[in-house]
Amino acid sequence: MTAISRRTVLRTALVGLAVAPVAACGPALVTTRPKLTHGVASGFPRTDGAVIWARSDRPATMIVETAATESFSDARRFQGPILTPDTDGTGRLRLTGLPADAEVHYRVTLDSDGSLSEPLNGVFRTAPAAARDVRLIWSGDVAGQGFGINPDLGGMRVFRTMADRNPDFFLHSGDTVYADVPIPQTLTLPDGRIWRNEVSEAKSAVAQTLEQYRGQHAYNLTDANYRYFNARVPQLVQWDDHEVLNNWYPGEILDNDKYTEKRVDVLAQRGHQAFHEWQPLEPLEAVDGRVYQRVSYGPLLDVFILDMRSYKDPNSPNRQPHGTILGARQTEWLIDAMAASTAVWKVVANDLPLALVVPDGKTDFEAVANADNGPPLGRETELAHILSQLKARKVRNVVWLTADVHYTAAHEYSPARAAFSDFDPFWEFVSGPLNAGAGKESPLDKTFGPRADFVHAAPPDKQSPLDGYQHFGQIDIDGGSGDLTVTLCDAAGAALYTRTLARV
């Protein structure tokens, strides 16, 4: 049988939010079929399958069929969960027993008391068992700073651009939604241009209730480009702050008139639930049942997804003798898991940058760095411990990927330039935003000897998505040499920077 490329246009139409009502026709009651409301998605691929996600407009059983081609002549059938209002109609099924390194066409159908929905199709490739070329893309920051789905531009077209790169998977590096930033009908830009948005009730105010948090994710998936992308590209998803609210940390009590619920832990629980309902992931596969985990993608690549949000200490000047951003358990897990990895490349997905100075107010800091350029203090002490242990345990070929700051950059870290030098040189690459306000360049704290090899950041008057400062990154690992090439791209797919790292 001839495999059909993921570039083949999926022939089953993707639907939006409209739900047909129950209608009366004479004396008989005519009921509509169940409907898949927000497309389908796949995530966290393994050698034998992936997680499949969908949402129903009513209680219904999720049925998934898989096949080697889009004709589905050799289909296998998997019965999934019953999708109910308890999970906002969402559900997922971990497919297993599929062949390694195979293109898998899948078809999702809903069964509501024998009434079947129109099916929706998707495609993904299982992870390889042997070395081959691998391509991943990464970025973050969707619908931020009031920039939502603009019908004048055809929506969030960056997702179509990324899908057409035919990646093996996408690493969504956090800020998958902006639950704390409403979407207005229009925004007036500094030069007088008008940005128009599609709007929704959930995006008319900051999210506080579970229903409002769910609506953040639902809004993004009203975009046809996003649904197109989800049906074609498996995802690894992590969260950052805006899935709850800007710069949050555990135990925080808000002083913000926009919120009637002041307890951030309560808001985080609701945001956490909505995130896990609406993304193609299985929380029980994470080490703590939340976010952080290792994802193996063949002999050339392991991805270590971090959670730099759930266990961090309060935002402060960050110059205390010791601080936490991962917490002790996650820190030791990361060291041990990377040391145990037999993959050639170890990619660390850090949702907050390592050396970029990210302020929270006038005196406090949000990420790792504290802007003093000296020996490690505060959260820097945790990173110093990780880096020194990776050196001691001879963990090689480490690359860090992040988003968060709304521009793209390449940072080379060297102990020769550092105030703390007990580590091996490494690179960190920054990307984003996908569809949000663009950011200006941030300063680098010199504690770990970073050097900016490349920066593409927006000037103050060029921060809308119309101005060319939206980004995604791409990594290609050569199946023969094992070398890794990073390409930083703009939203149209143009390469802005390329760097090849030789396998050690």
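This is a predicted model: local features need pLDDT of at least 70, side-chain atom pairs count only at pLDDT 80 or more; totals for chains, interfaces and linings use all residues.
## Domain arrangement

The protein is divided into two parts, domain 1 spanning 36–125 and domain 2 spanning 134–501. Between the C-alpha centres of domain 1 and domain 2 the separation is 28 Å. On the domain 1 side, 25 residues take part in the contact, and domain 2 contributes 28 residues.

## Buried area between the domains

About 2,100 Å² is buried between domain 1 and domain 2, and carbon and sulfur atoms account for 57% of it.

## Geometry of helices α2 and α4

Two packed helices are described by the angle between their axes and the distance between the axes. Helix α2 covers residues 210–220 and helix α4 covers residues 264–278. Their axes come within 9 Å and cross at roughly 40 degrees. The pair α2 and α4 is therefore oblique. The crossing in which α2 passes α4 is right-handed.

## Residues in the helix contact

From α2, the contact involves L210, Y213, R214, H217 and A218. Facing them in α4 are L267, R270, G271, Q273, A274, F275, E277 and W278. By class, the residues of the contact of α2 with α4 comprise seven nonpolar, three polar and three charged.

Notes:
Residues are numbered from 1 along each chain as its sequence is written. Side-chain values use heavy atoms; hydrogens and water are left out. Axes are lines fitted to C-alpha atoms, for helices over the stretch in contact, and angles run from 0 to 180 degrees between N-to-C directions. Helices (H or I, at least four residues) and strands (E, at least two) are DSSP runs, numbered from the N terminus. Angles under 35 degrees count as roughly parallel, over 145 as roughly antiparallel, 65 to 115 as roughly perpendicular and the rest as oblique. A crossing is left-handed if the near helix is turned anticlockwise from the far one by less than a right angle, and right-handed if clockwise. Contact means heavy atoms within 4.5 Å. Ala, Val, Leu, Ile, Met, Phe, Trp, Tyr, Cys and Pro count as nonpolar, Asp, Glu, Lys and Arg as charged, and the others, Gly among them, as polar. Domain bounds come from an automatic or database domain assignment. Buried area is the accessible area (1.4 Å probe) that two parts lose on being put together, summed over both.
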